[in-house]
Amino acid sequence: MITGFKLIYEDKHIPVQVIRSDRKTMALQVKADRTVVARIPGRTSDRKLKAFIEDHKDWVIRKLKEMDSAGEAGYSSGIPPYDQLTGAQKNRIRDIFKEKVDRYSRIMGVSVGRITVRNQKTRWGSCSAKGNVNFNYRLCFMPERLLDYVVVHELAHRRYMDHSPAFWQEVGRFCPDYKACRKELKNYRL
């Protein structure tokens with residue numbers, strides 16, 4: 001059920017944050033704080049937005065349930081909050097990412113700019129057009145194959161700044177089990 005721009009799930013009111021922009025399509029995202037984000041074209045009416053959210057309510061509830069069960073399974077346990085890491089721990093995490101990026105950039109034949117480690121809330125990693133790569137610190141507390149997959153994924157963007165078939169072929173050259181890694185990453189909370 002939707003009330004205003006809120007969903008009701010197990011007697012809890014889940015706020016829906018609406019972001020209007022010049023995009024052409026509507027999209028929903030369930031964030032780690034359980035907020036639902038609706039990204040919509042600027043001229044979309046409230047009536048059309050409510051209908052869109054209602055049509056995708058089951059998907060949103062399924063995502064919330066997955067987050068609940070992932071939390072119960074302890075997928076996010078054992079990862080200390082970023083602000084509780086010591087300076088030495090943060091330095092070690094940066095070193096791990098630098099070592100991985102250096103290794104894979106040599107193997108893949110690509111160059112990178114800055115390497116940044118952050119406490120990102122919505123992404124495991126990103127790559128800018130200038131070749132700067134950013135990574136979520138949580139990856140260092142997860143299975144190494146997932147960290148490797150995200151590094152390969154971001155470095156593949158140095159050749160293809162999209163998610164085209166050619167991009168995925170590039171990822172697959174250096175991380176043959178990338179599909180399994182992508183699926184497994186969805187079990188972890190950001």
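**Exercise 1.** Which residue in β8 is the bridge partner of Arg-118?

*Solution.* This is a predicted model, in which local features need pLDDT of at least 70, side-chain atom pairs count only at pLDDT 80 or more, and totals for chains, interfaces and linings use all residues. Residues are numbered from 1 along each chain as its sequence is written, and side-chain values use heavy atoms, with hydrogens and water left out. Strands (DSSP runs of E, at least two residues) and helices (H or I, at least four) are numbered from the N terminus. Strand β8 covers residues 133–136 and runs parallel to β6, joined to it by four bridges. The partner of Arg-118 in β8 is Asn-136.

**Exercise 2.** Determine the strand order of the sheet and explain which strands stand at its edges.

*Solution.* Two strands pair if DSSP finds at least two bridges between them. The order is β6-β8-β7, an open sheet of three strands with mixed pairing. Strands β6 (115–118) and β7 (125–127) each have a single partner strand, so they stand at the edges and one side of each lacks a neighbour in the sheet. From one strand to the next, the twist averages 15 degrees.

**Exercise 3.** Identify the helices that lie against this sheet.

*Solution.* Contact means heavy atoms within 4.5 Å; angles, from 0 to 180 degrees, are taken between N-to-C directions of axes fitted to C-alpha atoms, for helices over the stretch in contact. Helix α3 (residues 87–108) lies across β6 and β8, at about 140 degrees to β6. Helix α4 (residues 144–156) touches β7 and β8, and its direction makes about 155 degrees with that of β8.
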